[in-house]
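User: I'd like to learn how to read a few local features in a structure like this one. Could you walk me through them?

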Number of protein chains: 2
Amino acid sequence: MPQPLGFTLNPLDRSTVEGEADPLGRFEADRRALSVAIVGDDVLLRMGEDGGTALFDAADLTGADESAPLGLLDGTPVLARHFAPGAAERLLAVRGRRILDLRSTAVQGLVPAAQLGILAQAKSLFDWHARHRFCANCGAPTAPVQSRLRRDCSACAAQHFPRTDPVAIMLVARGDLCLLGRQVRFPPGTYSCLAGFISQGETLEDAVRREVLEETGVRVGAVTYQLSQPWPFPSSLMIGCAAQAETEALTIDHKELEDARWFERGEVGLMLERRHPDGLATPPPIAIAHHLLRRWYEEGSPVSR
Amino acid sequence: MPQPLGFTLNPLDRSTVEGEADPLGRFEADRRALSVAIVGDDVLLRMGEDGGTALFDAADLTGADESAPLGLLDGTPVLARHFAPGAAERLLAVRGRRILDLRSTAVQGLVPAAQLGILAQAKSLFDWHARHRFCANCGAPTAPVQSRLRRDCSACAAQHFPRTDPVAIMLVARGDLCLLGRQVRFPPGTYSCLAGFISQGETLEDAVRREVLEETGVRVGAVTYQLSQPWPFPSSLMIGCAAQAETEALTIDHKELEDARWFERGEVGLMLERRHPDGLATPPPIAIAHHLLRRWYEEGSPVSR
């Protein structure tokens with residue numbers, strides 16, 4: 001069975017947090033409260049014999065530089081705590097603890113899938129706070145309000161909300177062929193779906209067509225939504241689509257892509273299973289591209305071109 | 001025939017703008033160049049006997065405080081120009097010109113549908129520039145670069161990109177009933193689909209379920225993507241879904257909604273056609289809620305509850 005798509009399972013009930021005036025105080029006062037911890041940009045884990053966890057008793061994580069309420073886990077308050085990198089030594093003094101980047105934590109499956117969703121929420125939130133300490137409207141300092149669900153400007157009263165950036169990511173196919181590309185920063189041999197941020201004034205479907213045309217010169221007709229995924233690097237919403245190619249000739253934009261080419265269905269199967277003779281591979285199952293490719297490989301019926 | 005969904009048709013080829021080092025200079029030098037104009041927050045129109053237009057010869061719109069390249073219209077460069085409200089009198093000195101807010105322009109169908117998409121792109125872009133003159137990371141002034149497709153910080157070198165906010169909007173249905181709500185700010189009698197911003201660390205589908213639960217207490221099961229729409233007030237991406245309700249009892253969040261209730265299919269038909277005996281109505285066809293409702297009304301087969 002393939003691993004679940006990364007960061008998509010988040011069991012927290014956020015409604016109390018978003019509706020309440022100041023849930024942080026109530027969460028902090030609750031002796032049952034749990035917490036995840038972000039250390040710099042990484043996550044704090046505790047590895048045991050029966051697997052790892054990222055959920056700690058909130059009272060065990062003291063000295064955080066920021067705390068925020070995330071939601072309720074079956075009625076239990078869950079907080080997020082942020083620590084500066086300098087706190088790592090102190091945090092790691094407890095046996096079994098480990099600090100690791102979130103992507104590796106997900107790829108290695110070190111914690112239950114539902115905890116990855118909670119960690120993604122926490123990481124995106126602190127990243128946004130770290131990069132929005134000033135008002136984009138007037139330059140004055142901002143301060144967190146409503147338990148860190150918003151930042152208000154101290155001078156012009158502008159209200160700032162956490163940012164989520166929609167990204168279109170698409171499996172471009174034509175009959176038994178699909179179009180994949182690789183960026184210079186990818187691991188050697190990895191090919192993935194094309195993707196790009198959705199621009200202002202653009203539908204999802206037009207964004208798919210524009211990105212594919214810009215990066216490869218291929219014209220796309222029908223676009224079909226498939227599934228979505230939060231991607232906490234730092235705070236994208238990946239919107240996964242299937243795209244029907246109408247042309248095949250490639251004109252690669254080498255500012256964006258190192259390479260792009262058409263792959264036969266059978267080759268994609270070998271890449272998904274990491275059995276390709278030349279070492280080519282798809283992204284791992286935590287990535288939405290893996291699932292878009294697997295759906296096409298398993299469900300798409302081979303049709304003549 | 002219903003009007004097309006507002007702002008979804010945008011005929012511009014943006015690839016040259018996004019790929020080129022400085023398209024603004026080239027666009028400005030092209031004698032064929034066209035331009036739309038944003039005056040304050042409104043749009044400049046020219047009304048003629050055979051309808052209106054928002055496209056002007058770029059050379060006829062002098063004295064703008066900002067200009068940006070938008071894309072190519074069948075090979076012709078299209079710019080956006082921004083004017084302060086104080087320029088209105090001078091701009092209106094030319095016979096047939098009119099300044100109007102974009103929403104009214106769309107509702108009244110004063111310009112071709114494809115021009116509404118161009119105007120939406122221009123309005124969202126200038127709005128973003130106006131509210132991002134300073135660096136959220138360090139508070140120093142930012143300056144536009146790459147023909148206003150980005151702003152860079154003068155102190156910390158942070159790069160800032162225009163913001164697009166994904167919003168989930170959903171037609172919640174259960175058999176022959178659908179759930180609509182109204183906010184205090186809506187016109188009298190108007191009921192619309194529930195909607196809300198997608199949070200960090202959340203899938204589209206979970207955002208739909210959370211918003212419906214928070215605002216009405218109704219539990220949603222299956223969520224199906226329907227269509228998307230850019231909404232330039234100021235720069236949302238509306239992601240329209242159909243949502244299957246699993247419960248009917250309502251607990252309305254009166255901080256968000258003035259009212260919410262279930263409507264029978266026949267009543268929705270009367271509201272869409274503005275023939276409801278009590279004057280109830282749906283949003284107009286420029287809004288995605290209208291199209292979600294019309295799809296459900298026309299295509300959904302009545303099933304027993």
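**Reading local features**

Analyst: Happy to! B:R148 sits in the loop between β8 (142-145) and β9 (150-153) of chain B. Please keep in mind that this is a predicted model.

User: Where does A:D74 lie, and is A:D74 exposed or buried?

Analyst: A:D74 lies in the loop between β5 (66-73) and β6 (76-83) of chain A. Phi is positive here too, near 50°, in a residue other than glycine. A:D74 has 80% relative accessibility, so A:D74 counts as exposed.

User: Let's turn to peptide bonds. Which residues are joined by a cis peptide bond in chain A?

Analyst: Omega is the angle to look at. A cis peptide bond with omega of about 0° joins A:F233 and A:P234. A:P234 belongs to the loop between β14 (220-231) and β15 (236-245) of chain A. In chain B, B:F233 and B:P234 are joined by a cis peptide bond, also with omega of about 0°, and B:P234 is in the loop between β14 (220-231) and β15 (236-245) of chain B.

User: Now salt bridges. What is the general idea, and how many does the structure hold over all chains?

Analyst: Side chains of opposite charge can pair when their charged atoms come close. Over all chains, the structure holds 36 salt bridges. One of them links the side chains of A:E28 and A:R81, at 2.8 Å from N to O. A:E28 is in helix α2 (residues 23-29) of chain A and A:R81 is in strand β6 of chain A, so this pair ties together parts 53 residues apart in sequence. A:E28 is partly exposed, with a relative accessible area of 38%, whereas A:R81 counts as buried at 6% relative accessibility.

User: How far apart are N and O in the salt bridge of A:K255 and A:D253?

Analyst: The side chains of A:K255 and A:D253 meet at 3.9 Å, N to O; the cut-off for a salt bridge is within 4 Å. A:K255 is exposed, with a relative accessible area of 64%, while A:D253 is buried at 19%.

User: Which residue forms a salt bridge with B:E258?

Analyst: That partner is B:R182, and the closest N and O atoms are 2.6 Å apart. B:E258 lies in the loop between β15 and β16 (259-264) of chain B and B:R182 in strand β12 (residues 177-182) of chain B, so the pair ties together parts that are 76 residues apart in sequence. B:E258 counts as partly exposed at 39% relative accessibility, and B:R182 as buried at 7%. Salt bridges can also share partners: A:E202, A:R210, A:E211 and A:E214 are joined that way into one network.

User: Last one: at what angle do the axes of α7 and α8 of chain B cross?

Analyst: Helix α7 (residues 265-272) and helix α8 (residues 288-299) of chain B have axes that come within 10 Å and cross at roughly 135°. That angle makes α7(B) oblique to α8(B). The crossing of α7(B) past α8(B) is left-handed. To picture the contact, look at B:R265, B:V268, B:G269 and B:L272 in α7(B), which meet B:H290, B:L293, B:R294, B:W296 and B:Y297 in α8(B). The residues of this contact divide into five nonpolar, two polar and two charged.

How values were computed: Residues numbered from 1 in each chain as written. Chains lettered and ligands numbered in written order. Predicted model: local features only at pLDDT ≥ 70, side-chain atom pairs only at ≥ 80, totals over all residues. Heavy atoms only, no water. Axes fitted to C-alpha atoms, helices over the stretch in contact; angles between N-to-C directions. Helix = DSSP H or I, 4+ residues; strand = E, 2+ residues; numbered from the N terminus. Parallel < 35°, antiparallel > 145°, perpendicular 65-115°, else oblique. Left-handed = near helix turned anticlockwise from the far one by under 90°. Contact = heavy atoms within 4.5 Å. Nonpolar A, V, L, I, M, F, W, Y, C, P; charged D, E, K, R; others polar. Buried < 20%, exposed > 50% of the residue type's maximum accessible area, 1.4 Å probe, protein only.
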